[in-house]
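I opened a new model today and kept notes as I clicked around. Here is what I looked up, entry by entry.

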Amino acid sequence: MKRVKHMLCFLLSFAAALSSKAQVKAVLSLKKVVVSTINYEQGLVNNETSSIITDDLGFTWIGTLSGLQRYNGYTLESINPVTGNDTLKIRSQVYLYKLKNGNLWISTRFGVLQYNPYTNIFKRLIAGQSPSDFFFTIVPVTETDEGIWCLKKGEGIVIYTSEGRLKQKVPSISTATLDNVIRNDFLATNRIIAGNAGQFFICTRPHSLLRVNTADHHFFEITVGDEIIGVSCNKNFFYVSTTHGISKFPVTGNKPAGSFLYANIFPEQVSQSVVYCINDNRLLASANDKLFEFDAELAHPRLLSTFNGAPLVAAGRIDHIYRDSYERIWVLTNDDIKRIQDREIAFTYLKYPEARNNFVRSLYFDDQLQVLLAGCFNGGLQAYDRSSEPLWRVPVKTENVKDVLGITRLSTDNYLIITWGKGWFLFDIRTRKLSPFNFTADGKWRNLLYNNAFANNLQRLNDSTLLIASSSNVFRCVFRGKRLISVKPVLPFFRPADDWINTFYQASDGTFWAGSYNGSLYRMDKAGKTITVNLPEKFGIRCFAEDVQHHIWAGTSSGLHIFDASGRLLKSFYKDSGLLNDCIYSLLATPGKASVFASSNMGLSDISLNGNIKNYTKELGLQDNEFNTASVATSASGKFYFGGISGITAFYPSALNAFRDKPVLNITRLAVNDSSYNSSGIWRSDTIRVKYNRNHLEFDFAALGLLNADRYFYRYRMIGFGKNWQSTHRPTGISYILSPGTYTLQVAASDELSGPEVRKNIVVIIDPPFWLRWWFFVTMGFCATAAVVLTVSFYNKRRYQKALQEVLVKQRLQNQREQISRDLHDNLGAQANAIFYGTELLMQSNGDKDTLIGSLHDTAGDMLTVLRETLWAMKITEVDAANLWLRILNFARKIGNYYPGLSMVINGSPPESLVINASLALNMILIVQEAINNSVRHSEARLISVSSYPGNETWRIEIADDGKGFDLAEISKKPESYGLENMAERAAESNIAFGINSVPLHGTKVYMEINLNKTEPN
């Protein structure tokens, strides 16, 4: 009876709360978030998902109807756990639960598996087999000091130890009722279990909750009038989600402490709703395909949308919500998985929802009226109030005022509107009326001012003076209210039509800067002196800015360049320096810093003079990555506005510094010789050791944190293989082929916002083959030493015997030489002398035989010469180069003395300290003598020169004459050309480089060259 009274009180209180709440219409605002979609393109095998959890290393595990998958930052991989020698094929839903020690419990058809993310090891913890109508029989609910509280088929509520041992059963409601909770359809499609350290709640029937106190094991059933779809709890409250709304209850009570009806914000009938507590102050709740964020009091709902305002889920429903410790919200739908960055983005997005064109070309912030005016290209004028909401439903646009290049205020309610090629207009913001500007100044200035370029800009100097660019010049325009008083060109020249003025800027010190379409950059000081400033490349200049240190930043179509006030180039930044793109559209200087914000067609960059660059893209909250030239404005409060092709991005620069993210760096795949090295695909150890013949390693890295894995910047290198870092945004398939040794793989990851990078070091050991091991070297060393000792002993013995034999042979050869020398001198010498002296007598007595006798005389003389040199060579074993050269000189001088009409010239000197063997010396002397004799006898020369050219490696001797020369080919055909053949044979015998150069009527040159490092004969 007491229980019935409690139930009646609860129902009445719940109905009253809903009724009173329904009378208050909630004010719904948007919370724009960065969303990534994960579906079949990333490897999702089945869109029916029911369970999700993120481990301590950032990997997210997902249970699908087709089995277990894990998201590694790039793709979803199917996991078939290996326990011992068994590979378990999971082909149905699983239930995932994370323990306090970081281990995961995975309930499957064949029991509970435990996974340790730090060791990457699965363990079969609790064995069992599920019947066909159950995906699993054990469901972990909560963890306390007693153990892990679970629902178990046929046994109700039980407590297990962390080692998987059944500790006790806890009495509660019937096991059949709890079995229905575990049964396939109910638990797989609803989030109906929630708990904290002191209580847990289970939806046991469509209208009933079971509350269990883990401290005293008491339980209590709560009945709710509407059908319960989801339940969640934090430390102090639990929340019940129904088809009508959300109710809040104290964890120890049964009376509602607050509620919210979906009808207040959502007109459709709600058939699917999930509630999820993030902490004590925030919760998420879904209604069909919509996702809302509430405060703890359910008072301030916000609808979550993509950052461009599109629905989070285009169609279908939201089945599950989960937020991990990396501030990522995972939304499981009936079609895919949404991954949401749970951070307040610092960027505000402004656009006209009903406008056909939000291509913003110019911006002006009116600090007096707190109104932002935007000029569009082919879109007219837009205006936004201080809350960034459009002032009008549609932009103000006429045929002439549709392409707006510049906006500035002339009076309280009137603005000057500069169009592209259509002239100037006045705009009354109160009446939204446009009228042509009454140009009363000189007409020639009107035509020049109206002839403008798309990139032209304007700059206000004071209350009355504006600088306005045209294609040919920049003009100083003085206004009095809405009237133009005077116009004066600023530059002392006018630019031609093919190189028009693009942009300009007057600095705080009065110097004037202007840039042209083709890259001409001009600086004019206050005295009017103009100089051309040199750029690294001649590319169009799009924008200027001045920082707090008075540096001038010039954005061009090829890089960002910084100059000092005098025009000296200080530094340049390009894409290689870290910019998103080389083409810079607009610049805004950061207050109080030597830095700027730059827009491009790839996003925004925060660039400091010291080279620190932070980049912001759509993934970090921009509405679009592409911006427009000179489309910027700043409010008096310091808010920046950048116009782009899809609207306006607004932010406070200081707000961006609050973003912090520290990802976890992992090796997600290790392949050895093109095969996976570990079955579950993640390497956890800090050491990798493989054999020498398994040295082809391939790695995938991933940083898992708030951002997508490919949004981080990675560096890696293999110490021992190379010293230089390699950089990428997707480090997959990193391959090395390593020789035996020890290496260190260093990997680092960072994002544009988080500051210090995260690093990981992996030691890689390639074991050498046995023949390269130390023990093998020691053994082989002993063997080699013994072999060397024996070999040296044997060699020395043989060498001694050989040396002794050589001494005996040399002695015998010397004796033979002396004997031959004596014989030649006594016999052949005597005969040659007799011939020589006999022919001299014949020459004196018989003049008719002059020719024959002369030939006989020459032959005998040659015989004596050869004999003399041969005897000299045989008496010695080696000779120094100086002695050899002296014999050559003596012979040449003697020939010169014999022929008075012949000039003999000697040039050069021999190599120092050169000693050659006797055989080589003899052949060199005989070649020289033969060459000189040929010149004397056959060339009719008047001048013969003998030259020595010693070098570092060679010694070259040349014999040249100025005689009649000859045709070498013709001479070689004659059978009597023995002299030339003899010289060539002698040269070949002694490794002498030999050659003859002769030109008819122009003399002959004979040369020979020896290698100083090789003076032994063949």
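Predicted model: local features only at pLDDT ≥ 70, side-chain atom pairs only at ≥ 80, totals over all residues.

**Entry: Thr 617**

I started at Thr 617, which sits in the loop between β55 (613-616) and β56 (627-634). Residues are numbered from 1 along each chain as its sequence is written, and side-chain values use heavy atoms, with hydrogens and water left out.

Is Thr 617 buried or exposed? I found it buried, because its relative accessibility is 4%. Buried means under 20% relative accessible area, exposed means over 50%, and partly exposed is in between (1.4 Å probe, protein chains only).

Next I looked for its partners. The side chain of Thr 617 makes a polar contact with the side chain of Arg 711, at 3.1 Å. I wrote down the rule: a polar contact is a pair of N or O atoms within 3.5 Å; within protein, one must be able to donate a hydrogen and the other to accept it, and residues adjacent in sequence count only if both atoms are side-chain atoms. Not counting residues up to four places away in sequence, Thr 617 touches Leu 580, Met 602, Leu 622, Asn 625 and Arg 711. Contact here means heavy atoms within 4.5 Å.

**Entry: Ser 470**

Then I went to Ser 470, in the loop between β41 (465-469) and β42 (474-480). Ser 470 counts as buried because its relative accessibility is 0%. Its side chain reaches the backbone nitrogen of Ser 472 at 3.4 Å. Leaving aside neighbours within four places in sequence, I saw Ser 470 in contact with residues including Leu 448, Asn 452, Phe 475 and Ile 501.

Most residues other than glycine have a negative phi. So which way does phi go at Gln 370, positive or negative? I got a positive phi of about 55 degrees, although Gln 370 is not a glycine. Gln 370 lies in the loop between β33 (360-366) and β34 (371-376), and at 28% relative accessibility it counts as partly exposed.

I noted Ser 388 too, with a positive phi of about 70 degrees although it is not a glycine. Ser 388 is in the loop between β35 (381-384) and β36 (404-409), and it is buried, with a relative accessible area of 11%.

**Entry: Val 139**

I found Val 139 in strand β13 (residues 138-144). Val 139 is buried, with a relative accessible area of 0%.

**Entry: the whole chain**

Last, I zoomed out. The protein chain comes to 11 helices and 74 strands. Of its 1018 residues, 52% count as buried. I also checked contacts between residues at least 6 apart in sequence: 54% of them join residues at least 24 apart.

Technical notes
Helix = DSSP H or I, 4+ residues; strand = E, 2+ residues; numbered from the N terminus.
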